[in-house]
Amino acid sequence: MRVGLLGAGRIGAWHARFLGGHPLVGDLLIGDADRRRAEALAGPLGARADTPDAVLAANLDAVVIATPTSTHAELLTRACDAGVPAFCEKPVAPDLRTTLEVRDRAAKTGVPVHIGFQRRFDAGYAAARRAVLDGRLGELHRVHLVTADPAPPPAEYVRTSGGIFRDCHIHDFDILRWVTGREVESVTAVGANRGDAYFAAAGDVDTSAAVMVLDDGTIATLQGSRYNGAGYDVRMELSGTAGTWVVGLDERAALRSAEPGVDWPPGDAWTDFWERFEPAYASEIGTFLEMAKGTVASPCTVDEALEAFLVAEAATLSLHEGRRVALAELR
Ligand SMILES: NC(=O)c1ccc[n+]([C@@H]2O[C@H](COP(=O)([O-])OP(=O)(O)OC[C@H]3O[C@@H](n4cnc5c(N)ncnc54)[C@H](O)[C@@H]3O)[C@@H](O)[C@H]2O)c1
């Protein structure tokens, strides 16, 4: 397959590793607004670097869009119009109106699109989903989610990211829907600025929490941080009438027991999403290539991503207006 990669930054470089070594990829073309960045990434992989326009015009079988969020809609629309199956990093766009426009355009062209929520490819989340859906947890009553980064992204990234709920917690909102099979009905969110001033300057927060009520009455809570001293902490706790399961409670979980004599978990804490989700990212790109070949359906359509984005919108609105927001207000 001839595959294009747009964006040679943090996540683009990561996807390039898996694309470069994948048996389905015969020809990899990399385009970045910064040509030197594309060349530096392409060289060691034996890929070709070009301008983003030239990559998009190269008669591609598939394209991976890993550029800043503010550019996704335009590039995804161009890929759909050209009939090229596309993988696009989350979120689809920084705002709801543009997300809806992309959703409609993708539907009109019928081109398969896969939005990147890599947690769906993680073994722990998949096992939890099966346990919820086949009834092993009994009736689900409570969910708790944590996404806490050890260090914040750069100021430039934060400025165009759309804020912590749209940029970071959208992963939690997507996986909450995917694991429970339920929809979020309302969100009450709060946030605080405890770190660098550039978060407040961007209208963003670096510390976050939310309470969500799902459509079956399940209550979900969420916490987040851009400054988690213990390491990269991503967990999901699911409590039902027949048991509690925790995703991310492994030997490298970024927490310590306060109980004397308990020295578990034994390993060094996860430091970032790359290493924590490496197998999931690899599986995600492999599945995207299969989708582009036509052998599997999209594992996360724009419609699915839109649902997660609606929760992020509701959380952002709740944060700014200091009130509980029903998803129905936004629909
Ligand atoms: N799924 C995940 O776990 C995950 C992790 C990190 C980032 N992301 C998402 O990936 C996207 C990129 O994030 P990042 O951290 O890699 O950003 P980044 O700033 O490190 O990289 C973006 C790259 O895109 C290039 N670029 C900008 N505009 C372009 C254009 N129009 N055409 C081609 N190249 C262009 C920039 O020069 C830069 O090299 C964001 O939307 C972010 O939400 C997802």
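Ligand surroundings and helix packing in a predicted model

A polar side-chain atom of Arg37 is placed 2.6 Å from an oxygen atom of the ligand, a polar contact being a pair of N or O atoms within 3.5 Å, where a pair within protein must also join an atom able to donate a hydrogen to one able to accept it, and residues adjacent in sequence count only if both atoms are side-chain atoms. The model is predicted, so that local features need pLDDT of at least 70 and side-chain atom pairs count only at pLDDT 80 or more, whereas totals for chains, interfaces and linings use all residues. Residues are numbered from 1 along each chain as its sequence is written, and side-chain values use heavy atoms, with hydrogens and water left out.

The ligand is surrounded by 25 residues, the closest being Arg10, Asp32, Arg37, Thr69 and Tyr281, where a residue counts as near if one of its heavy atoms lies within 4 Å.

Helix α5 (residues 96-109) takes part in contacts with α4 and α13; helices (H or I, at least four residues) and strands (E, at least two) are DSSP runs numbered from the N terminus. Helix α4 (residues 69-81) packs against α5 at an angle of about 10 degrees, with the axes 9 Å apart, and the two are therefore roughly parallel. Axes are lines fitted to C-alpha atoms, for helices over the stretch in contact, and angles run from 0 to 180 degrees between N-to-C directions; angles under 35 degrees count as roughly parallel, over 145 as roughly antiparallel, 65 to 115 as roughly perpendicular and the rest as oblique. In this contact (heavy atoms within 4.5 Å), Ala73, Leu76, Thr77, Cys80 and Asp81 of α4 meet Thr98, Val102, Arg105, Ala106 and Thr109 of α5. By class, the residues comprise 5 nonpolar, 3 polar and 2 charged (Ala, Val, Leu, Ile, Met, Phe, Trp, Tyr, Cys and Pro count as nonpolar, Asp, Glu, Lys and Arg as charged, and the others, Gly among them, as polar).

The axes of α5 and α13 (residues 302-321) come within 10 Å and cross at roughly 170 degrees, and these helices are therefore roughly antiparallel. Leu96, Thr99, Leu100, Arg103 and Ala106 of α5 make the contact with Val302, Asp303, Leu306, Phe309, Leu310 and Glu313 of α13, a set with 7 nonpolar, 1 polar and 3 charged residues.

Two cis peptide bonds and a positive phi were also examined. Lys90 and Pro91 are joined by a cis peptide bond with omega of about -20 degrees, and Pro91 lies in the loop between β5 (86-89) and α5. Asn59, although not a glycine, has a positive phi of about 55 degrees.
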